[in-house]
Amino acid sequence: MGNFDNEINRRRTFAIISHPDAGKTTLTEKFLLYGGAINLAGSVKGKATARHAVSDWMEIEKERGISVTSSVLQFEYDGYCINILDTPGHQDFSEDTYRTLMAADSAVMVIDASKGVEAQTRKLFKVCAMRGIPIFTFINKLDRDANDTFELIDEVEKELGIATCPINWPIGSGKGFKGVYDRKSESIITYSDTLKGTKEGHTNVIPVSDEAKVTAEIGEAAKDKLFEEIELLDGASSEFDIEAVRNGKLTPVFFGSALTNFGVEIFLKNFLEMATTPLPRRSGDEYIEPTEDNFSAFVFKIQANMNKAHRDRIAFMRICSGKFEADKEVTHVQGGRTMRLSQPQQIMADERKILDEAYAGDIIGVFDPGIFSIGDTVCTPGMKVCYEGIPTFAPEHFARVRQLDTMKRKQFVKGITQIAQEGAIQIFKELNSGMEEIIVGVVGVLQFDVLKYRLENEYNVDIRLEPLPYEHIRWIESSETDIASLTGTSDMKKVADLKDRPLLLFINSWSIQMTIDRNKGLVLSEFARN
Ligand code: G4P
């Protein structure tokens, strides 16, 4: 055990997952408000100032020669040190978004109460579920007309396959939103929107045993409905079980409104109590405890600079054990070299600070002279550790790459291979062939533009991308399967990845099951384990 256990145990490192517009940014803003990291709500991403902020970043990038997008927010609240990992949505959605989840110890899932479970939430949830990390649900926008609460809960259970345990329960929604019922204290906490979201809006707590007072506060009709729902809920919902929460089998559910700041602090407090301290991480057959004396970390994301030579990049590392000290030497396990990490820094909402020290659970960004790969381990020299790699995630968009100038074949192959090795895109080729026919797969479509741009600018190669209709990819896990004789469906294509692993592309999702049914012993996987 190290002598900085307290520092480590007070850390909570999590990602917020949601579909764009569900309220992730607004909720983050409110968290920061409680942490005192910002003075007024609205400073994280005021949409009007977003563009301004971007150009500021570019200036900093130019000055310091490294590329940065906001990656982690750290703040203090109630004795906890909180790290929120950014999972970009919209068109920035990419494999990095998934990789970031590998660095989190838990996830907060934000759902819009009038939309329910949406596509991007589903995808991100799957990745969290694969790791079995705790997932906390915040159902947002109760100040607007919401779907029926039971239906929302049911949707989470059925669509995502996780049991739910509502910790509180909304009383009405939209204009009729009155607050929440807290199941543990059996009290209602009423809502008032007098503070325009700058402070928590709840003031009044009334135990439901005082029925007259409850009626006076929320009205007869709302009270009757609430009492009925409580009875139904107590009969139907799963028991709260902290072990099941920590294993990712049960999600505690909270309700509120991030915009008007109701239910946010209630959520934050409960979340911090229920969420885990930094988790041990697997290295070979053992798990390394975060409180172990030696420093160790793994690289989960590499950000290449779009404006400069691609070697100018920053590697984001999650510290898994011990304490990081800027002046100490570390070993890069995969490279077999001992070195000092250059310009270690933490990326805050709108500033970066050079770090002197950081602890297990924290994220640091270091200047990468082109030696790190996704999944690499760094540690105190002499420590025997090599963290398990980060899986390759299923791309969802595919295109055939046409190279326009055949004279530049060599540069083209070199460029596209290097970019694929960095992890920005995945490339596939025809089975048993060289690099004659290349198909590129990406998680987010913006990566197509990045590829084209980088090939032009860094390798002087022009390409044309022809979109392909495939949407589903499965790696073949069963070693006895002979890919050549495999019987598929008419919409299926057999290809291989850069490591020559065979895989299948499908246009229709139902073809996957059909192919499994037609080939005895065939095992397919959505993730390629490295
Ligand atoms: P995201 O990061 O998940 O994409 O969502 P974001 O927080 O940016 O919120 C998306 C929109 O939803 C914003 O409105 C935001 O104000 C609104 N919103 C977030 N939480 C709530 C809530 O609890 N209740 C209500 N009624 N609205 C909420 P916008 O009009 O798109 O942007 P803005 O101009 O208000 O910033």
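In this predicted model, an oxygen atom of the ligand lies 3.0 Å from an N or O atom in the side chain of Lys141. The protein covers 74% of the 710 Å² of accessible area that the ligand has on its own. Lys141 itself is placed in the loop between β5 (135-140) and α6 (149-160). The backbone of Lys141 has a positive phi of about 70 degrees, although the residue is not a glycine.

Two further ligand contacts can be followed from here. The side chain of Thr25 has an N or O atom 2.4 Å from an oxygen atom of the ligand. In total, 19 residues surround the ligand, and the closest are Asp21, Lys24, Thr25, Thr26 and Asp143. Helix α2 supplies the largest share of the shell, with 3 residues.

The aromatic residues are the next topic. A pair of aromatic rings is described by the distance of the centres and the angle of the planes. Over the whole structure, a search finds 21 aromatic pairs. One of them joins Tyr34 and Tyr77, whose ring centres are 6.5 Å apart and whose planes meet at 70 degrees, so the pair is edge-to-face. Planes over 60 degrees apart are counted in that class. Because Tyr34 lies in helix α2 (residues 24-35) and Tyr77 in strand β2 (residues 72-77), the pair ties together parts that are 43 residues apart in sequence. Tyr34 and Tyr77 are both buried.

A second pair is formed by Phe177 and Tyr191. Here the ring centres are 4.9 Å apart and the planes are at 50 degrees, so the pair is tilted. Phe177 sits in the loop between β7 (168-171) and β8 (179-182), while Tyr191 sits in the loop between β9 (187-190) and β10 (205-207), so this contact ties together parts that are 14 residues apart in sequence. Phe177 and Tyr191 are also buried.

Ring pairs also link a set of phenylalanines into a cluster, made up of Phe14, Phe31, Phe136, Phe138, Phe254, Phe267 and Phe271. Rings take part in contacts with charged groups as well. The charged end of Lys223 sits over the ring of Phe227, at 5.6 Å from the ring centre. In the case of Lys301, the charged end sits over the ring of Phe316, and the distance to the ring centre is 5.2 Å.

Strand β2 leads on to two aspartates in loops. Asp78 is found in the loop between β2 and β3 (80-85). Its phi is near 55 degrees, a positive value in a residue other than glycine. Is Asp78 buried or exposed? With a relative accessibility of 56%, Asp78 counts as exposed, because the cut-off for that class is over 50%. Asp362 also lies in a loop, the one between β21 (357-359) and β22 (363-368). The relative accessible area of Asp362 is 2%, so this residue is buried. What does the side chain of Asp362 contact? It makes a polar contact of 2.9 Å with the side chain of Asn83.

The remaining examples concern residues separated along the chain, with distances taken between C-alpha atoms. Glu329 is in strand β17 (residues 329-332) and counts as partly exposed at 40% relative accessibility. Glu329 and Arg340 are 11 residues apart in sequence, and their C-alpha atoms are 4.8 Å apart.

Ile218 belongs to helix α7 (residues 211-218). A relative accessible area of 5% makes Ile218 buried. Between Ile218 and Gly179 there are 8.9 Å in space, C-alpha to C-alpha, for a separation of 39 residues in sequence. In helix α10 (residues 264-274) the residue to look at is Ile266, which is buried at a relative accessible area of 11%. The C-alpha atoms of Ile266 and Asn168 are separated by 9.4 Å, although the two residues are 98 residues apart along the chain.

Methods. Residues numbered from 1 in each chain as written. Predicted model: local features only at pLDDT ≥ 70, side-chain atom pairs only at ≥ 80, totals over all residues. Heavy atoms only, no water. Phe/Tyr/Trp six-rings, centres within 6.5 Å; stacked < 30°, edge-to-face > 60°. Helix = DSSP H or I, 4+ residues; strand = E, 2+ residues; numbered from the N terminus. Buried < 20%, exposed > 50% of the residue type's maximum accessible area, 1.4 Å probe, protein only. Lys NZ or Arg CZ within 6 Å of the ring centre and 35° of its normal. Near = heavy atom within 4 Å. Polar contact = N/O pair within 3.5 Å; in protein donor to acceptor, adjacent residues only side chain to side chain. Areas by Shrake-Rupley, 256 points an atom, 1.4 Å probe, with all protein chains shown as cover.
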